[in-house]
Amino acid sequence: MALQPLLRLLLLRPPPPPPPPHRTPHLPPTSSTRRSAAAAALLLLAVAPPPRPARAEPDGEDDVDEPRVVRLFEEASPSVVFIKDIVVSSRPRGRNGGGSLLVEDEEGGATVEGTGSGFVWDSSGHIVTNYHVVAKLAGDGSESHRCKVFLQDSSGTSYSKEGRLIGYDPTYDLAVLKVDVDGDKLRPALIGTSRGLRVGQSCFAIGNPLGYEHTLTTGVVSGLGREIPSLSGRMIRGAIQTDAAINAGNSGGPLIDSYGHVIGVNTATFTRKGSGISSRVNFAIPIDTVVQSVPTLIVYGTTVSNRF
């Protein structure tokens, strides 16, 4: 009977509170943990690069220096001339003669038979071009061929003068014209050297392709020491090969380097057979050859080999 009050007391006592939960102590991250987190962040950056703007940004040295090319053209183009080979033909007015009638055309009574380019050699008015551009001026005189040279003064204004053929060398496809212009109105080209040229260096052609005056095309020196045929049948040795576009009307114009110095005279291009499209295999006479030949043409009218 004594056990009953004790049992009743135990049953009525509230149960003890549950023990507090076990907590892990908070420890500061170790250096290895920090390295792992940094590596994970770098991996995420490598896998998902930040978006780039749509406009291409220049990367520096590998891009073309456009302002320099623009300045190069502005300084060199006044030395480049546009040449037109003009034929002044006549036909009788009637069965009984009575004078002649000029063939009307855009040049005011003349027919433009061919066009080409050239550049101012000196302040005396000498113009260097290709022989094949003005070859008919040295013809038999069956037709009246004249040469019209379009120049540009220091203000950029174009004007024209008649050009007289004073010397030519078919072997190297070179010719020299003379225009009567005051020296202060002429801008002689800067003559460089073709010695020391290297394949891969930049070059620029300025001329009048298809009649479009003062056109600039760009490229590189693709090869050196090439041989190309001339009108005389002999090979022109040491020609410069370039991929700068040279088309009809570019002949006789200058090939210049990155400093605006003339390194060659544009003279020939290979075209795809039957298409007339340039294959970008173009050639220029090296300026060192031109420098040797032009003074003789100015003084004697032809080279020693052509005089005997």
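Two residues are in contact here when they have heavy atoms within 4.5 Å of each other.

What you have open is a predicted model, where local features need pLDDT of at least 70, side-chain atom pairs count only at pLDDT 80 or more, and totals for chains, interfaces and linings use all residues. Residues are numbered from 1 along each chain as its sequence is written, and side-chain values use heavy atoms, with hydrogens and water left out.

**Whole chain**

Start with a cartoon view. Of the 308 residues, 36% count as buried, meaning under 20% relative accessible area (1.4 Å probe, protein chains only).

**Stop one: T242**

Select T242, in strand β11 (residues 235-242). Its relative accessible area is 0%, so T242 is buried. Now show its side chain and look for polar contacts (pairs of N or O atoms within 3.5 Å; within protein, one must be able to donate a hydrogen and the other to accept it, and residues adjacent in sequence count only if both atoms are side-chain atoms). A polar atom of that side chain sits 2.9 Å from the backbone oxygen of V220 and one sits 3.0 Å from the backbone nitrogen of A244. Leaving out residues up to four places away in sequence, T242 touches C203, V220, S222, L255, R280, V281 and N282.

**Stop two: the aromatics**

Next, show the Phe, Tyr and Trp rings. Rings pair if their centres lie within 6.5 Å, using the six-membered ring of Trp; planes under 30 degrees apart count as stacked, over 60 as edge-to-face and the rest as tilted. The whole structure has three such pairs. Pick F82 and F150: their ring centres are 5.9 Å apart and their planes are at 35°, so this pair is tilted. It links distant parts of the chain, with F82 in strand β1 (residues 80-88) and F150 in strand β6 (residues 144-152), 68 residues apart. Both F82 and F150 are buried. Then try F119 and W121, with centres 6.5 Å apart and planes at 45°, so they are tilted too. F119 and W121 are both buried.

**Last stop: helix α5**

Finish by selecting residues 287-300, helix α5. Its buried residues are I287, T289, V290, S293, V294 and L297. Just after α5, G301 takes a positive phi of about 90°.

Terms used:
Helices (H or I, at least four residues) and strands (E, at least two) are DSSP runs, numbered from the N terminus. Buried means under 20% relative accessible area, exposed over 50%, partly exposed in between (1.4 Å probe, protein chains only). The expected span of a helix is 1.5 Å times one less than its number of residues.
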